[in-house]
Structure formats: C-alpha cells, structure tokens
Amino acid sequence: MEPDRTILEVNGLKVQYGSIVAVDQATFSMAPGACGLLGRNGAGKSSIIRAILGLVPPREGSVQVLGLDARQEGPLVRDRIGYMPEKEALFPGLTGVEAVSFAGRLSGLPPLAAKQRAHEVLFLVGLAEERYRPVGGYSAGMKQRTKLAQALIHDPDLLFLDEPTNGLDPEGRTEILGLLRNLVEKKGKSLLLCSHILPDVEGLCDNVILLDEGKVLRQGAIHDMLSSLGRLFRLRYVGGEDFVGKLQTQGLLQEQGEDGELLVRLPPEQKVSDLFGLASQLNAQIRLLEPEKKSLLDIFLEAVQGPRLEPTEGGSHGPH
Amino acid sequence: MGLIEFGYRPYVGERSGVGPRIRAMFSLQIKRFFGKRLSLLFYIGCLFPAIIALVFVYIRFVVIEGQGELAGLRNLRGISRNNPNTLFGRSLEEISFYFTPYLTYAMPIAVMFSAIVGASTIPNDRNGGALELYFTRGIRPVHYFLGKWLGTFFLHLCLILFPYLLVWTIGIFLAPNWEFFKNTLPFIPRLILAQGLFCGGLSFLVLAQSVSTSSARFSVMRVVGGLFVFWVLARMLRRFFHENNFLVLSPWNVLKRVAEGIADVTASHTFDLGVAIWGLVALLALGGFWIAKHLKATKAVG
C-alpha cells in the first residue's frame, strides 16, 4: 500500500436529477486502505456510488478513480472496481461457481481464468462446500458471501462494499470482517465501505467520509475525529448554583440528563484539574467523574445533528 | 463454514473487450434454456409443425417415391399418385412449405415460445438484482441488451428456421436424385434472410417491451396479450373498412409481411410492403425509445 497515493478523488461533484440536487459540491479523496462512507438514507451515497462507477454524468465537478476519469472511462473504471450491492444481486438459475465465473467473464476474464478464479474466491469467502449448489437456494449469509466473491473475482484494486455484513450471523460477520481486513492488509486492496453498522466501519476503516443532504460534512481519519471531539466525562456534583451555567458558558457542557448527570467535554488543551478548579471556585463538589468512551456513532451524530448541547434553564440541576 | 485462504491471486492476464462479454451473456442464455429439462420438453413440443414437415418429407421421398410402401396410407386425403410433389396441397419444392407454418397456423406456438424465451429474461434479471451486477461491470446497457437480443434471436431461429433447414437437408438425402436439391436451393438464402429478419424483429420487440417491468409473468402476458389483441384489432378494422392496410396495426403482421416480401411469398389478404416497412421502422424506433427510457444504469444501481 502507498498511503500517499490517492486512489479516489472527488472534486466539487454535483449530481442532479431534474430539479433535485442529490450531491452538492462534494469534495473528498481516498488513499489506499479502508474508508467508510456514512450517511443517512437520502444523504447522497447512491449518487456518489453511481458517479464513481461512471454511471451518472456529474453536473459539475470531476471524479478520478485509480487515475481514470470516471465520466470518460466508465467501463475501464468498472473493470477495476469490485462492487458489492446492498440489495440481493445474483444471476438467477446458476450455481455458486457458475454465477461467480460469469461475473468474472463480464469483467473481461477469459473463460478458463474466470472458472479457476471462481473456485478460488469461493474458497476464500467460505463457500467451498456449497459452490455447486444453485444460488437461489442459498441462505442470506451465503448470498452475501457470493456477492463478495462476485466483487472479488476479477482482482479489482478498489472494492466498493454496500452493507457487506447484512444478513450474516455474528460468527459470519466476524469472518467476513476478518477477510476484508486481510484483503486490505495482506492483499493490498482498498475498500470503500458503506454500512449502517458503525462498529464494523470503525473496526475496519482508518478513514471515514460523512455525508448529509448531498454534502460532505466531515472526512478524515477516525482517530483524529475522535480526538477532536475531546475527552468526555460523566459528571455528578452537589452545590455550586452556577456550575452548570459556567460549564455551558465555557462550551464544556455537552448534555444534561434528567437525573442531573452531566456530560462534559474537555478540549485537548484543558486538563481534568481545571474542572475541579472551576467546581471549587463555584462551591460545587464533584461526586463522580467518569471518562466516557466516544465512538464513530458520536462523530456521526455530531456531524449530522450538531453538538448535543441542551440549553439549561439556569440554576443548579445537580443532585443534592 | 470456515474461511480458507485458497490462493487468491492477482490476475495478471489480459482483459477481454466487449465482444467476449456479450458472447458470455449469449451462451449463458442458451445454456440456461437448453440446460433445463422442462424448457427442453417445451421446445420439443413447439417443434410440432416442423415434425409434421419431416413426416411430409418422409411420405414424399420414402413412401411415394421410394419403395412404394403405401400400406396404411392409401386413404390419406390429398396424397396424389399422379402428382407426388404435392401433399395436402403443399409442395416441398416451394419456399412457403418451410416459411409459413410458424407465421400462419402455428402462430400461437411461436407467440408462446417467444413470450417464454424472450419476455421473461430481462425481468428475471431485474427482479433478482442481476441488472445491477451487469451495469457495474465493464459493459453498458446497450451491450447488455445486445447480449440478450442475440440469445433470444438464436432461440427463435432454433424454432422457426433451423428445424426447417434440417428438414430440407434430410429431404436432400432422402430424395432419389438431385432434382429436389436443384429446385429448392435457389430460395434457401431468401428463406434464411426472411426468417432471420422475422426472428430478429420479433426478439427485439419482445425484449424491448420487457425492459420496463420486473415481473416476468406480466411481461409474458403483455407479449401474448399484446400480439393477440393487435392482431385481432387489425383484422377487425380491415374487415370493417375493407382496407387491407389496417393490418399494419399488428406488429405480428408487420414482421410477417416484410418477411414475406423478402421470401417472395404471396399471401392472401396481404397489404402494401411499403406500409409494412414503415410500420417496422416505427416499431423499431418505438422499441428503441422504450429501451433508452427504461434500461438505464442509473435506475438499476444504488
């Protein structure tokens, strides 16, 4: 892997269907590795996928995939991308090995190579025993694995996976995630992962792109985003009438529970002792200060909903 | 189901162009049709008119002109000892013997076959999500349609043309001399061209109408119903207005008339070839428009 290289570059992308703007001035890039593409339903993920695959001409902007212009060289781009759709997408009436082999032939593999590689990828995704059975009779998990095999058969440089762990039991999910990690780390593949299962994205991807209403809200390394959120603490206190007001004024109060428990965010430059100092000044006694673990969900919610700050009505709401 | 790393390797070979990919789609369609016992039985059942033609060839060259073994066939109406070239009013040495069966009395068989092999293929792909797989690979919707059309076209030929070419070939070998071959050879290229156009046009129209639905059953019903309704309507209007050109309203008649023009077969109650050609152009344009409107990658992907 060459992390400095950009394999996907989207610049000022605007996709419009009639009067509806699906993607508006989206700009992001992706280095080799695994990257998550997150957004609510209707955020513009599908339109971005279509633009990357060269299936929809952008109204404005450009999309470069693996150094190719997706608009001009759509078929070439698609030959180098492995796409695993979210919906059930299998060639009807075929066995597993026939379906995967046919997918390979559609991607330009000669018949013999397609057949050989079909067996290999079906072994890889754990369908060795079932590969001669008709795909129509597969379980949901087996269909997911077949879709992944279809995406891998032609040795793509970039894999575009839409909800790859849908329908899998916990064991199967762990196996597939392990396989995907293996593809990234050992086989040098890059992944763009769309999933609503955020722990999957967090466990697999180093970077993430957050979309909402056709716009890129945030993008970057998940680690950096978590750091930028600052440290979060659950806090209980007694006394100190103005303590909550002061926390709010200083922008430290993140959330206030009905039971009086506070969620306080400390920016990287502030120390925990500053919190105790502030409490001391206002005659408040901190009774509980517990670090709160932040996850991708918090990044996502903050990006799409803004900071979860609920205004207080003054006075102390701490437990007495 | 344990995951086994079974030598997933980089692919270093050449990638093929569009042609082999279309060929893969074509061969898959043929394989899927002939690979199923039920569809094979259906196909054999649909060959009934061609089997009748083979019986005629047998009677003409083996029973009548062969050893004279007429036992059991003496009472068959139409077998003329004086004019053995004609059986039941049909001559093996005329193009109409090989050309007309599926376009006239066996039309329901041809329509049913066309609906089964052509009308369901794209809806099945759409319903199973396969359309998304096709369009996210290195092929365009036009290539996809071309692959499907070639498969459907070939299957139509397997019913409407190839069996009759086989009957003709068998006739050549059964005939006592080369007269039959010499008399029939001149019209064989016209037969191939005419049936090719008929099968190609029918395949195109059947597939084109199917691109807008994901229900194979609905698509089959639309083909059978549509062809039948327009065929009846055209005949009714022709009778009511005493104007043969009303027959152009039926796509079946249009294809048949143009094919008749190429085969140089004179049919009763026929209409202008020029009108039929314009009708065909209009149908193809309408089909093309329908395909462009409904077979879009953007609708299938994401």
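Predicted model: local features only at pLDDT ≥ 70, side-chain atom pairs only at ≥ 80, totals over all residues.

Me: Which domains does chain A have?
Reply: The domain assignment of chain A gives domain 1, covering 8-221, and domain 2, covering 229-305.

Me: And how far apart are their C-alpha centres?
Reply: The centres of domain 1 and domain 2 of chain A are 40 Å apart. Their contact involves 10 residues from domain 1 of chain A and 6 residues from domain 2 of chain A.

Me: Which elements supply at least two residues each on the domain 1 side?
Reply: In chain A those are α7 (198-204), β9 (207-212) and β10 (215-221).

Me: What's that side made of, by class?
Reply: On the side of domain 1 of chain A that touches domain 2 of chain A there are 6 nonpolar and 4 charged residues, and no polar ones.

Me: Where does N283(A) lie?
Reply: In chain A, N283(A) is in the loop between α10 (272-281) and β14 (284-292).

Me: Buried or exposed, and why?
Reply: N283(A) counts as exposed because it has 12 C-beta neighbours inside 10 Å, and the cut-off for exposed is 12 or fewer.

Me: What about D264(B)?
Reply: D264(B) has a positive phi of about 60° and is not a glycine. D264(B) sits in the loop between α13 (251-263) and α14 (273-294) of chain B. With 12 C-beta neighbours inside 10 Å, D264(B) counts as exposed.

Conventions: Residues numbered from 1 in each chain as written. Chains lettered and ligands numbered in written order. Domains from an automatic or database assignment. Contact = placed C-beta atoms within 7 Å. Helix = DSSP H or I, 4+ residues; strand = E, 2+ residues; numbered from the N terminus. Nonpolar A, V, L, I, M, F, W, Y, C, P; charged D, E, K, R; others polar. Buried ≥ 20, exposed ≤ 12 C-beta atoms within 10 Å, placed from the backbone.
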